[in-house]
Amino acid sequence: MWFFSDEEKQIQKVCRDFAKKELAPKAEHHDNEETFNLDAFKKMGELGLLGITSSPDYGGAGLGATAATIVMEEFGKACAGSTLSYLAHTILCVNNINSNASDIQKEKYLPKLISGEHIGCMGMSEPGFGSDAVGMQCKATKAKDGYLINGNKMWITNAQYADVVYLYTRTGTEKNDLTTFIVEKGTPGFSVSKEIHKMGMRSSPTGELSFQNCKVSETQRVGGEGESTIHMMKNLELERITIAGISLGIAQACVDQCIKYAGERKQFGKNLAHFQMIQKMVAEMASETEMLRRFLYTVCYEYDHFKKDNVLASMVKLELPKRATKIALDAIQLHGGYGYSREFPLERMMRDNKLNEIGAGTNEVMIMIIAKNLLKDALRT
Amino acid sequence: MNELQTELKNQLKKYCLDKIEPFMEEDDEKNRFRPEIYRGFGDYGICGIPLPEKFGGAELTYQDFILVLHEIAKYSVPYAVTLSVSTMVQNILNEFGTEAQKQKYLPALTSGEEIASFCLSESHSGSDAASLKTQAKKTKGGYILNGSKLWISTAGYSKTYLVMARTGGEGSSGVSAFIVRDDMKGFSVGKKEKKMGWRTSATAEVIFENCFVPEENLLGGTEGTGFKAAMSGLDRGRITIGAIACGLSERAIEESIQYALERKQFNQAIFDFQGLQFMMADMATENTASWLLVKEAAEQYDNKIKNSKLCAMAKLKATDTAMKITTDAVQILGGVGYTSEYPLERYMRDAKVLQIVEGTNQIQRVVIARELKKEFN
């Protein structure tokens with residue numbers, strides 16, 4: 001985009017090269033085998049990308065939504081699964097510790113998370129509480145020198161690999177009696193109870209976390225009791241914007257692949273590019289992707305330079321994933337039998353992108369948020 | 001539905017619930033086709049529904065056939081497609097084959113003991129089927145086949161392969177059809193396709209290396225009619241794919257509604273959110289519309305009214321709808337819809353192929369437009 005800073009342009013270039021070299025060649029393999037590209041993750045640490053929005057005091061790059069979204073787009077073009085794991089680590093775990101934890105906690109956890117020595121995840125959703133996350137039931141009860149945690153967390157990205165969990169729990173009966181903790185791997189009573197097999201994003205490990213009388217000391221509590229909702233609010237916009245970045249990467253990769261194929265594949269004596277129906281598909285998916293790119297990065301720019309806007313961030317999270325699924329489906333269609341086969345990356349991209357319509361708030365939740373904000377006054381009467 | 005249709009549907013439902021449903025998840029994960037399931041269809045007499053009784057068929061209508069496919073597709077799109085393809089080959093054999101060919105090959109197919117595959121597509125000829133390159137060279141007592149065919153359903157499990165190969169010059173008139181058996185020398189099954197969905201159906205390349213096919217296996221005993229024979233199956237093939245799409249959609253709708261009634265968020269069943277009600281109302285309406293289109297196409301076909309436009313419309317509408325419905329169904333189930341614990345994500349992956357086979361949906365639009373032009377010219 002014309003308004004990217006020099007630093008952002010540099011990040012774009014570095015990430016594009018990295019994605020081509022480290023992510024793209026192994027994407028199919030990790031998708032097939034449902035394995036995590038740990039090697040690439042470690043290298044992201046070497047490049048200084050794992051703390052892209054976090055404070056330089058702890059090894060972070062101290063950059064904003066634009067830079068983080070650029071990484072998502074570039075990585076998303078090559079391997080959305082690895083990108084999702086990167087997001088869960090960098091945005092959901094590291095960035096939240098950076099904005100909400102005490103200096104002592106930051107000193108303890110951030111350097112290793114940012115270097116890639118440790119992997120992080122965030123625990124919010126539960127089996128019975130997805131869209132209605134604030135209804136969560138995983139409890140932390142006061143005990144001697146700390147808390148006892150009991151309950152489960154579902155659909156946790158990076159669960160099996162995580163050294164550090166940024167965890168939301170219930171500490172009271174009121175709706176907002178939610179308290180945040182940092183729980184380390186190996187804490188007695190904490191385990192990964194289930195691996196979850198998914199339609200897509202298969203190179204991103206997903207699991208269920210189980211806490212059974214898991215004792216954590218008071219020093220692991222982030223902020224005061226009942227502060228989780230404040231913590232959640234702080235970074236909601238960034239989380240929605242960045243996940244939309246993965247969908248932008250997917251949409252762009254689909255367009256690029258379609259343009260390439262339309263020039264190669266011949267039917268009825270000429271290449272596909274000569275058929276008006278193919279022209280229409282390519283023109284429409286490219287226009288839509290370009291529109292989405294400009295929408296997304298404009299919202300990023302405003303986020304970085306003016307203000308966070310919950311409605312715009314929700315609109316971004318609704319429109320990018322939703323339209324990218326359509327684009328990926330059309331891209332498969334344009335490739336016919338080849339698009340359906342695993343020889344081409346398109347069917348994987350479609351499977352991967354579907355998650356973005358569900359994770360980090362479903363389309364329906366985004367619609368609810370947008371509508372409730374816009375209709376605030378009308379809803380009072 | 002008449003009594004016979006209701007009875008058949010109920011029996012099939014029971015069979016599918018017992019024999020298919022419990023294994024679909026694992027078979028999808030492992031890309032496993034179970035020939036015994038197909039043979040089991042034979043016990044219900046559904047492996048040659050429209051075929052004449054004298055060759056072991058049930059001599060029923062396409063209106064009956066679409067009900068059967070619709071029911072099976074609710075449990076497994078791949079097995080429904082296997083049945084549809086094998087029946088299509090039988091139909092072609094029945095219409096274009098010699099009496100000897102029919103007697104020799106049809107009974108094993110109509111009984112479900114054997115499966116037939118249709119071999120038209122090649123790596124460079126998909127939508128443009130008439131440009132196929134597989135060669136059949138005349139030799140003493142028969143033909144020598146060389147070339148390969150791509151995306152062949154049930155390859156490796158079928159015994160009979162109806163193969164379109166070139167005996168003459170370029171274009172459709174140079175194409176002949178051959179009945180190739182899996183034990184013929186020079187016939188082999190190549191690379192198995194790894195696919196997005198439809199993973200229970202074995203799809204592979206079929207290779208001919210100096211494969212000798214005796215003269216008696218030239219379909220109908222005449223050269224140059226292969227393309228016509230291949231295309232003759234298309235209209236009715238489209239009706240069957242439309243029926244399969246509607247069955248799949250119906251299942252996805254059932255699963256979403258059940259889930260929406262059970263799942264509570266914000267202290268109420270998610271069914272009661274208007275946002276989801278609108279989605280479900282649209283899903284049900286679109287699928288009903290598609291099904292009526294498919295039924296109308298089948299009825300006209302049974303009444304010997306040739307209507308390529310209607311068949312293409314039925315396939316186009318039903319399969320585009322199935323894609324939309326299965327995608328929305330995953331969405332209604334949210335996180336669990338995306339996991340393989342629930343079958344919805346598989347339905348969505350299976351739906352996509354229906355927009356590609358039996359003529360991509362781009363080709364359906366070409367056919368519809370061509371017919372429209374004829375009507376108005």
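This is a predicted model: local features need pLDDT of at least 70, side-chain atom pairs count only at pLDDT 80 or more; totals for chains, interfaces and linings use all residues.
Okay, let's start at one residue: Ala159(A) sits in the loop between S3 and strand S4 (164-170) of chain A. Residues are numbered from 1 along each chain as its sequence is written, and chains are lettered from A and ligands numbered from 1 in the order in which they are written.

Is Ala159(A) buried or exposed? Ala159(A) counts as buried, because there are 24 C-beta neighbours inside 10 Å. The cut-offs: buried is 20 or more other C-beta atoms within 10 Å of a residue's own, exposed is 12 or fewer, partly exposed is in between, and the C-beta atoms are placed from the backbone. Setting aside neighbours within four places in sequence, Ala159(A) has contacts with Cys121(A), Val192(A), Pro205(A), Thr206(A), Gly207(A) and Leu209(A). By contact I mean C-beta atoms, placed from the backbone, that lie within 7 Å. For a sense of distance, Asn363(A) is 204 residues from Ala159(A) in sequence and 24 Å away in space, C-alpha to C-alpha.

One of those contacts, Cys121(A), takes us into strand S1 (residues 120-123) of chain A. Gly120(A) and Met122(A) point one way from S1, Cys121(A) and Gly123(A) point the other way, and all are buried. Which strand does S1(A) run parallel to? That's S4(A), joined to S1(A) by four bridges; strands pair if DSSP finds at least two bridges between them. Across that pairing, Cys121(A) is opposite Val165(A) in S4(A).

Zooming out to chain A, we have 11 helices and 10 strands. The C-alpha atoms fill a box of roughly 80 × 55 × 40 Å along the principal axes. The radius of gyration of chain A is 21 Å, which agrees with the value near 21 Å for a compact globule of 381 residues. That radius is taken over C-alpha atoms, and the globule rule is 2.2 Å times the number of residues to the power 0.38. In chain A, 54% of the 381 residues are buried, and of the contacts with a separation of 6 or more, 76% are between residues 24 or more positions apart.

Chain A is split into domain 1 (6-119), domain 2 (121-227) and domain 3 (229-375), with bounds that come from an automatic or database domain assignment. The C-alpha centres of domains 2 and 3 of chain A are 30 Å apart. Where those two touch, domain 2 of chain A gives 10 residues and domain 3 of chain A gives 11. The domain 2 side has four nonpolar, five polar and one charged. For those classes, Ala, Val, Leu, Ile, Met, Phe, Trp, Tyr, Cys and Pro count as nonpolar, Asp, Glu, Lys and Arg as charged, and the others, Gly among them, as polar.

Now chain B, with 12 helices and nine strands. Its radius of gyration is 21 Å, close to the 21 Å that the globule rule gives for 377 residues, so chain B is as compact as a globular protein of that length. Buried residues are 55% of the 377 in chain B. The domains of chain B are domain 1 (3-114), domain 2 (117-227) and domain 3 (233-376). Four residues of domain 2 of chain B are in contact with seven of domain 3 of chain B, and that domain 2 side is two nonpolar, two polar and no charged.

Last stop, the largest nonpolar core, with 234 residues. A core here is a set of buried Ala, Val, Leu, Ile, Met, Phe, Trp, Tyr and Cys residues joined through C-beta atoms within 7 Å. Cys254(A), Ala328(A), Phe178(B), Ile244(B) and Val294(B) touch the most other members. Helix H10 (residues 308-338) of chain B gives the most to this core, 15 residues. As for Phe178(B), its contacts beyond four places in sequence include Ala136(B), Tyr143(B), Val213(B) and Leu219(B).

Definitions and conventions. Helices (H or I, at least four residues) and strands (E, at least two) are DSSP runs, numbered from the N terminus.
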